[in-house]
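Visitor: Please take me on a close look at a single part of this protein, and start with how the whole chain holds together.

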Amino acid sequence: MPQNVSFMDSALTSKQTERFRLGISLFFLMIVWLFVGQIGDGMPGNTLLMAAAVIGGYMALNIGANDVANNVGPAVGSGALSLGGAILLAAIFEASGSLIAGGDVVSTIKKGIINPASFTDVQTFVWLMTAALLAGALWLNLATWMGAPVSTTHSIVGGVLGAGIAAGGWGVANWGVMGAIVASWVISPVLGGLIAAFFLYVIKQTVLYQPNMVAAARKIVPWVVSVMAWAFGTYLMLKGVKHIIKVDFMGAALVGLGFAVVVFFGMRVLIRRRAATMTNGEEGVNGLFTWPLIFAAALLSFAHGANDVANAIGPLAAINEALTHGAVATAASIPLWVMMVGAIGLALGLTLFGPRLIKTVGSEITELDKTRAFCIALSAAITVIIASQLGLPVSSTHIALGGVFGVGFLREYLKRSYASQLHKMVENHEPEDRDRLEDFLARFREATVEEMAVMLKTAKKSKSEVPLSKKERKRLKKIYQEELVKRSQLVRIAAAWIITVPASALMAAILFFTIRGMMVG
């Protein structure tokens, strides 16, 4: 995180403003209560709809608070965006995605995890969806308070599952779908981590480990940024604007290719201009990824708003449909007021409570620079594209966090490997010493353990021939592991992922029985 924290950044994270943030949230929920009460005046079950709307707003606040970290956390952690700038950018694009591309019809039973035909009684269905929505929101609130990024989709899936079983028994659940969701706990982070690590390794080998990084960057960086442009163009067509424009994968890929061609030539011109003043080091290369990261954060936020707003408004739209028409529907139209509750709630949640998890994702798991953050963002888009084409149910949260862990573990591997150790060692010496040192280190790599010991003893005696300091010789003797990924964060986040569905399901079941008891009593 940058040292020069702005006033806005300080205000967003200060404990002194905690009451103010809570006050704004309660004011928003009160406005939702009053507004829905006004538009639904005289409608049967209006009080229940008002309560459901408040819970939907509460869910949207929590989605904004928890999920926004996946989209902008790496950009903030790498210094491409300030915390305040990231919040502003994400708020605008999350709300835009919700309102512009959120769609006008939503599935009432998320992911088909329970059979809607099992519920013919409208009252029971409304209680079920209300309990599911409240359970998902409560679990997200708890996870955000603990600093654990979890899947908002899995939170509402667990809620619907638990309330559905409480209302209709074990037979209403689609266990095949649930099995696929459980599999995604492994598929999402592993796929995201592998892809992010792969691209980081490619950039390191082709650019950062080259003697002339500027020349290498001129060749390689336009290509990798173009791959990102293709991935995001395709991702946006498949996921971001799917409710506005229907295209198949080939059509989306061609649109992405068009973006990629434009970006390729733009990056070539940019790097050519900057090459004269660019430093021949990681800092200079890192600077080339600033704008790609900002665009990635914006596009990820837009696509997230278009997709995940349904987690808040889907159950609310289902409740509104059931109370308005007196029937259970598998798909419900989304009135403008329902969409506004979701969009404003998302934007407010990320503005008021998002900074906590942005810091977790951006700086508390592993140290991120712009190159690593770029690979994480690229991984997020490519993984979603692959998963969509294979029909795999993946979580954007798990993908993003998998990418962060992936680049962290790759850093650990490279720290342990001689390639990076020796490269850094050569960099620390004057140009006149580098040729002799590189020749020594090349032979050192190929030597047996016994030969290495002899070579180090010789190096100690003849410092003029092999310019190694005492510290460097000790470094070569020791193969060590430097923990660049915080294991405590890994364990805590993985545990939160695993218990998300059962925890929200149990909460929803308890809430369903509570709501039914209150309404019947």
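Guide: Among contacts (heavy atoms within 4.5 Å) with a separation of 6 or more, 83% join residues 24 or more positions apart. This is a predicted model, where local features need pLDDT of at least 70 and side-chain atom pairs pLDDT 80 or more, while totals for chains, interfaces and linings use all residues. Residues are numbered from 1 along each chain as its sequence is written, and side-chain values use heavy atoms, leaving out hydrogens and water.

The protein has 21 helices and two strands; these are DSSP runs numbered from the N terminus, with helices (H or I) of at least four residues and strands (E) of at least two.

Now let's zoom in on alanine 137, which sits in helix H5 (residues 122-146). Its relative accessible area is 0%, so alanine 137 is buried; buried means under 20%, exposed over 50% and partly exposed in between, using a 1.4 Å probe and protein chains only. Of the 521 residues, 56% are buried.

Who are its partners? Leaving aside residues up to four places away in sequence, alanine 137 touches Tyr58, Met59 and Asn62. The C-alpha atom of isoleucine 63 is 7.9 Å from that of alanine 137, although the two are 74 residues apart along the chain.

One of those partners leads us on to another pair of helices. Helix H2 (residues 18-39) packs with helix H3 (residues 46-77), their axes 9 Å apart at an angle of about 150°; axes are lines fitted to C-alpha atoms over the stretch in contact, and angles run from 0 to 180 degrees between N-to-C directions. Tyr58 of H3 takes part in that contact, as do residues including Phe28 and Trp33 of H2.
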